[in-house]
Amino acid sequence: MMKTILEVKDLHFHYNEIRAIKGISFHIEEGEIIALIGANGAGKTTILRCISGLLSNPASGDIIFEDKNITRMRPHSVAALGLSQVLEGRHIFPFLTVKENIIMGAFLRKDAEERKRNLEYVYDLFPVLKDRENQLGGTLSGGEQQMLAIARALMSNPRLLMMDEPSLGLAPLLVKEIFKVIRRINEHNVSVLLVEQNSKAALTISNRGYVLETGQIVISGDSDKLIENPDIKKSYLGG
């Protein structure tokens, strides 16, 4: 029996008078890739930010990570527990080198040997970053910057990695590469919560999915079943 690594219970979040999240509940089991899909404004990014602590003031509800209640916990404390987020838009440091950007992800890790192993691991995942380690982050292509953002998040050695629109703005060939990397990360016993506009790609690599509309989960289930669902095909898969 798999262990639940993350459980979100009846989460509500308001932006002033706007009820962005309306009673969301879902869970992630150890080793799973979970896809959150839905139109822009459905509340996907808000959910991730509540979990990671970037939004630390939900109206109500609970977020349980590895049996610990992390609701309203600050981002650095959440990260220290083994939960990392790759933000939409990459947010790399343009005037730091590639290697300096990556090392920034290990600021909570005091073990020098562990940091060295993690660095070798991300360079194995993204050989192009090794080749460009002394280059400024801002000079990388969009795809390389996305790889850099993922590499930085992995330096904290997370148990759960949350990714917000990792394929946004990338050429189709690079999108395929990024999704291959997500699979490889998952094979290293890292659970993944994936928010992605490319719904078909997200459902193809995930175990289960949740479909959001206006701050509520309207459909959930095994990803292979969701791909075949006529309503999801029509609304999110272009057919």
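Helix axes here are lines fitted to C-alpha atoms over the stretch in contact, and angles between N-to-C directions run from 0 to 180 degrees. Helices (H or I, at least four residues) and strands (E, at least two) are DSSP runs, numbered from the N terminus.

**Entry 1: ground rules.** I am looking at a predicted model, where local features need pLDDT of at least 70 and side-chain atom pairs count only at pLDDT 80 or more, while totals for chains, interfaces and linings use all residues. Residues are numbered from 1 along each chain as its sequence is written, and side-chain values use heavy atoms, with hydrogens and water left out.

**Entry 2: the whole chain.** I looked up the secondary structure and found 10 helices and 10 strands in the protein chain. I then checked the box filled by the C-alpha atoms, which is roughly 45 × 40 × 40 Å along the principal axes. Buried residues (under 20% relative accessible area, with exposed over 50% and partly exposed in between; 1.4 Å probe, protein chains only) make up 51% of the 239. I also looked at contacts (heavy atoms within 4.5 Å): of those between residues at least 6 apart in sequence, 67% join residues at least 24 apart.

**Entry 3: two helices side by side.** How do α6 and α7 cross? The axes of α6 (residues 142-154) and α7 (residues 172-187) come within 10 Å and cross at roughly 15°. The crossing is right-handed, meaning that the near helix is turned clockwise from the far one by less than a right angle (anticlockwise is left-handed). On the α6 side I found Gly 143, Gln 146, Met 147, Ile 150 and Leu 154, which meet Leu 174, Glu 177, Ile 178 and Ile 185 in α7. These residues divide into six nonpolar, two polar and one charged (Ala, Val, Leu, Ile, Met, Phe, Trp, Tyr, Cys and Pro count as nonpolar, Asp, Glu, Lys and Arg as charged, the others, Gly among them, as polar).

**Entry 4: positive phi.** Most residues other than glycine have a negative phi. Glu 165 has a positive phi of about 55° and sits in the loop between β7 (160-164) and α7. Is Glu 165 buried or exposed? Glu 165 counts as buried because its relative accessibility is 7%. Thr 214 has a positive phi near 45°, in the loop between β9 (208-213) and β10 (216-222). At 53% relative accessibility, Thr 214 counts as exposed.
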